[in-house]
Amino acid sequence: MTTHTGWQGRFYEDFVVGDVFEHPLGRTVTTTDNIWFTLLTQNTAPLHFDHEYARRTEFGKPLVNSAFTLALVAGQSVTDVSQNVFANLGWEEISLPSPVFEGDTIHSRSSVLRTRESASRPGLGVVTVRTTGHKQTGEVVIEFTRTLLVYKRGHGPRQESGHERDEEGQ
């Protein structure tokens, strides 16, 4: 019997400018997602949780909280971009060109824009990506640029705990 190590994510050395990652998991947004996230974050805009109020707007139905859309698409990118993150450094150029409604299914992709070694932390590198989320129709619903510090191979908590294996699985 062979034991296979599960996906451990990308390390700084794995990022190449121009690479595009199609994130594997899509997610259909539910009414519960929208209402719970909106109320959990103390957002009092009834457009997100009051169906009768939302029916009387130009949308005719509840609009998904844009902070939920950001959180969802950022989360979808983790497996490819930030599984081995030390810290997010910043989010820029966030745009929401099309609305998201309950029942929409969101998918995403990220493109590597820049990489560089960290000047102050030798075990880390700086990676900047542009992430785009789109719904089932292909319409782009969110775009943002994110810069993060990513562990280099052989550094970080996995290495320190002995859970990282070399290329031969040793």
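I start with Glu 139, which is partly exposed at a relative accessible area of 37%. For these classes, buried means under 20% relative accessible area, exposed over 50%, and partly exposed in between, with a 1.4 Å probe and protein chains only. Glu 139 forms a salt bridge with Lys 135, and the closest N and O atoms are 3.7 Å apart. A salt bridge here is a side-chain nitrogen of Lys or Arg within 4 Å of a carboxyl oxygen of Asp or Glu. Lys 135, on its side of the pair, is buried, with a relative accessible area of 6%.

A word on the source. This is a predicted model, where local features need pLDDT of at least 70 and side-chain atom pairs count only at pLDDT 80 or more, while totals for chains, interfaces and linings use all residues. Residues are numbered from 1 along each chain as its sequence is written, and side-chain values use heavy atoms, with hydrogens and water left out.

Now the overall layout. The protein has 4 helices and 6 strands, in the order β-β-α-α-α-β-β-β-β-α from the N terminus. Both kinds of element are DSSP runs numbered from the N terminus: helices are H or I with at least four residues, strands are E with at least two. Along the principal axes, the C-alpha atoms fill a box of roughly 60 × 45 × 30 Å. Of the 170 residues, 39% count as buried. Among contacts between residues at least 6 apart in sequence, 71% join residues at least 24 apart; contact means heavy atoms within 4.5 Å.

Back to the salt bridges, of which the structure holds 11. Which residue pairs with Arg 153? The partner is Glu 13, with the closest N and O atoms 4.0 Å apart. Arg 153 sits in the loop between β6 (140–151) and α4 (157–161) and Glu 13 in the segment before β1 (20–22), so this pair ties together parts that are 140 residues apart in sequence. Arg 153 is partly exposed at 41% relative accessible area, and Glu 13 is partly exposed at 40%.

A second pair is Arg 109 and Glu 22, whose closest N and O atoms are 2.9 Å apart. This pair also links distant parts of the chain, with Arg 109 in strand β4 and Glu 22 in strand β1, 87 residues apart. Arg 109 is partly exposed at 29%, whereas Glu 22 is exposed at 52%.

Accessible areas come from the Shrake-Rupley method with a 1.4 Å probe. Trp 91, Ile 94 and Leu 96 make a nonpolar patch of about 270 Å². Such patches take residues with over 30% relative accessible area and no salt bridge, nonpolar side chains being joined within 5 Å. Leu 96 is in the loop between β3 (85–95) and β4 (105–117) and is partly exposed at 43%.

Last, the interior. Is Asn 34 buried or exposed? At 0% relative accessibility, Asn 34 counts as buried. Asn 34 lies in helix α1 (residues 31–40). Leaving out residues up to four places away in sequence, Asn 34 touches His 48, Pro 62, Leu 63, Val 64, Asn 65 and Glu 102.

Technical notes
Patches are made of residues with over 30% relative accessible area and no salt bridge: like charges are joined within 9 Å, nonpolar side chains (Val, Leu, Ile, Met, Phe, Trp, Tyr) within 5 Å.
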